[in-house]
Protein chains: 2
Amino acid sequence: MTTKQLIDQIRKKQSFLCIGLDVDINKIPKHLLEEDDPIFAFNKAIIDATHHLCVAYKPNTAFYEAYGIKGWQALEKTINYLNENHPEIYTIADAKRGDIGNTSSMYAKAFFEDLGFDSVTVAPYMGKDSVEPFLAFQDKHTILLALTSNQGAFDFQTLSVNGQELYKEVLSISKSWKNSENLMYVVGATKAEFLADIRKIIPNSFLLVPGVGAQGGNLQDVCKYGMNDSVGLLINSSRGIIYASQNLDFAEAAAKKAEDLQSQMAVILSQ
Amino acid sequence: MTTKQLIDQIRKKQSFLCIGLDVDINKIPKHLLEEDDPIFAFNKAIIDATHHLCVAYKPNTAFYEAYGIKGWQALEKTINYLNENHPEIYTIADAKRGDIGNTSSMYAKAFFEDLGFDSVTVAPYMGKDSVEPFLAFQDKHTILLALTSNQGAFDFQTLSVNGQELYKEVLSISKSWKNSENLMYVVGATKAEFLADIRKIIPNSFLLVPGVGAQGGNLQDVCKYGMNDSVGLLINSSRGIIYASQNLDFAEAAAKKAEDLQSQMAVILSQ
C-alpha cells in the first residue's frame, strides 16, 4: 500500500486507529476454544466488528509464535482474511526484527512477499545494513523502533549521544538510508511531550503510536504534538479494545471501544 | 542446560565451535529438493556428520520463517532431532527478539518451553523489562546483542554514551538486571581487539562470536583477547561449514571444515 492510499483511507473513515491483534488464548472468550482455530475465530470476529472504525490491524508476532505451527497458521489465516476481504486496510506485522543484511532480506521476504503485510516493525540496534533490505520493497513500509512505550525505553534510548538522545540520533541517521521514504517510526504515547521535538527531525513521516489508553498516553496530547498536514499518525490500541469483554458480546464490546476512539479522532480531524 | 554442562562438553570435545544452520533452499544440494522436507533433510545430514566436532548449533529463525509453515516445521523437527539424539549439544535460537514485558514473555515461552532451545538471542534496544522475561527461565541463557559483526554495528553501537561506547554501556547496565547470571553476549569477531576491553566489563560471561572465517575474524586473535578460565567462547561458523560443497558429499565436506576449526581449537585449549 502507498502512503497516499493510507492517508485517503484515514480521511474517508475519519479514523487513524490501529487495532493490535495480540491474541492470548487465556484471555479470549471461553466459547471460542471449541473452534478449530480459536485465535483466528477471535480475530475474524474482531475484524468483522471493527474494520469500518480503524485503518490498520497490527498482529504482534510473539503471540502467534507462542503457539508454534498452529499460531503461525492463525497468523497466515488472519493476514489472508484481511487482504482478501478488506484490501483497503493497512497491515502491520509487529515483529521487531533486524539482523545482518542477507538475513534481514529473508525476514523482509517472509513478511512482505509471503505473508503479504504492508509493513513490519524493525529494531535499529544493528544499523543501516540491517534495515535497508526491508526498505528496498516498493509500496511497503518499515516501521523503525525509535522511542518505545515501556519503562526500559529509558535504559538506552534516551541516553545522550552526539548531543542528543539516542532515539533522536536513530531518527536523524535513518533519514540518510536508501529508500528512507519508506520509513515510519514507533513512538510511545507515554511521552507525548517528546513528539514536538521528534517532529522537528521527521516532520513528514508517519508515526505508529502505541500506549494510548492502557499504557497511559493521552490522545489529545499525542495529536497536539504529533499530527502533521497528512495526519501522520497511527494510534494503536490492543488490549483496551480486543479484551473489552470476555463474554459472548466480545466483538460488539470491542466495536464500542473502537468507536469511542474513532469518534474522538473524527473530532480532532475536523478541527 | 547449565553453563557448567556446556563447559564440560567443551573440555570433552576439545571444541567451542557452534555451527550456524542458516539454510537457504537455493544453496543446498539439488538432490535434497526431492525430499519431503529438504531443509530438515539438510540439517539432519549436517548434524549427523558434525555433532562430535561442535558443541552448539544455531539456526537463525529468519531462514525458517522465510518458508512459512513449512519452514517453522523444519525448525521444530531440527530442534527435536537435536534434543532427542544429542541432548548434550547446546542449542541457540538466533531470533534477535525483544519487546515489551508481557510480549517478551511470549517469545521466551515459545523458544525455551515449546521449542526447547537452551538459549535465544535478544536485542537490547528496548531495555531491561524487554530482556528480563527471558532471564527468568532457569538453566536457559539469553544471548544479548552487544557488538555485532556487520558494518551497521558502527551506526549506533559504537557511539559514545556516558563516556563509553553504547555496546559497553549495554554490557555494564545489563549486569544489574535480575538473573543476569543467565546472560551471554554476541560480540562480532571482526573487532577482535575490542575483546580485551569487553573482558574488563564482563570477565566471566560466555561470548557468542560470529564472523570467524567468512566475515574476516581471526580465531587466534579472538581467543587471545576473549578467552577466560572457563573458555567463555562459542565461535560460530555458518556458511563456511554448511555450504562447503553443494554436491552429494556436502555433509562430508562440512565435517572436514568443522574438523579444521575443531583441531585449531584443540591446540588453543591445550596451550
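This is a predicted model: local features need pLDDT of at least 70, side-chain atom pairs count only at pLDDT 80 or more; totals for chains, interfaces and linings use all residues.
Helices and selected residues in chains A and B

The crossing of α2(A) and α12(A) is right-handed. Helix α2 of chain A covers residues 38–50, and it packs against α12(A) at an angle of about 45 degrees, the axes being 9 Å apart. That angle makes α2(A) oblique to α12(A). On the α2(A) side, the residues that meet the partner helix are A:Phe42, A:Ala45, A:Ile46, A:Ala49 and A:Thr50. They face A:Phe250, A:Ala251, A:Ala254, A:Ala255 and A:Ala258 of α12(A).

Helix α12(A), residues 250–270, also takes part in the surroundings of another helix, α10(A). Helix α10 of chain A runs over residues 219–226, and its buried residues are A:Leu219, A:Val222, A:Cys223 and A:Gly226. Viewed down the axis of α10(A), these buried residues fall within an arc of 95 degrees, so they line one face of the helix. Besides α12(A), they pack against α9 (195–201), β9 (207–209) and β10 (233–237) of chain A. The N-terminal end of α10(A) is capped by A:Asn218, which has a side-chain oxygen 2.9 Å from the backbone nitrogen of A:Gln220.

A:Asn179 has a phi near 60 degrees, a positive value in a residue other than glycine. It is placed in the loop between α8 (166–174) and β8 (183–187) of chain A. With a relative accessible area of 27%, A:Asn179 is partly exposed. In chain B, B:Lys96 is likewise not a glycine, and its phi is positive at about 50 degrees. B:Lys96 belongs to strand β3 (residues 90–97) of chain B. Its relative accessible area is 8%, which counts as buried because the limit is under 20%.

B:Asp99 is buried, at 2% relative accessibility. What does the side chain of B:Asp99 make a polar contact with at 3.1 Å? The partner is the side chain of A:Asn60. A polar contact of 2.9 Å also joins the side chain of B:Asp99 to that of A:Lys96. Apart from neighbours within four places in sequence, B:Asp99 is in contact with A:Asn60 and A:Lys96 of chain A, and with B:Ser104, B:Tyr107, B:Met126, B:Asp129 and B:Ser130 of chain B.

Key. Residues are numbered from 1 along each chain as its sequence is written. Chains are lettered from A and ligands numbered from 1 in the order in which they are written. Side-chain values use heavy atoms; hydrogens and water are left out. Buried means under 20% relative accessible area, exposed over 50%, partly exposed in between (1.4 Å probe, protein chains only). Helices (H or I, at least four residues) and strands (E, at least two) are DSSP runs, numbered from the N terminus. The arc is that of the directions from the helix axis to the C-beta atoms. Contact means heavy atoms within 4.5 Å. A polar contact is a pair of N or O atoms within 3.5 Å; within protein, one must be able to donate a hydrogen and the other to accept it, and residues adjacent in sequence count only if both atoms are side-chain atoms. Axes are lines fitted to C-alpha atoms, for helices over the stretch in contact, and angles run from 0 to 180 degrees between N-to-C directions. Angles under 35 degrees count as roughly parallel, over 145 as roughly antiparallel, 65 to 115 as roughly perpendicular and the rest as oblique. A crossing is left-handed if the near helix is turned anticlockwise from the far one by less than a right angle, and right-handed if clockwise.
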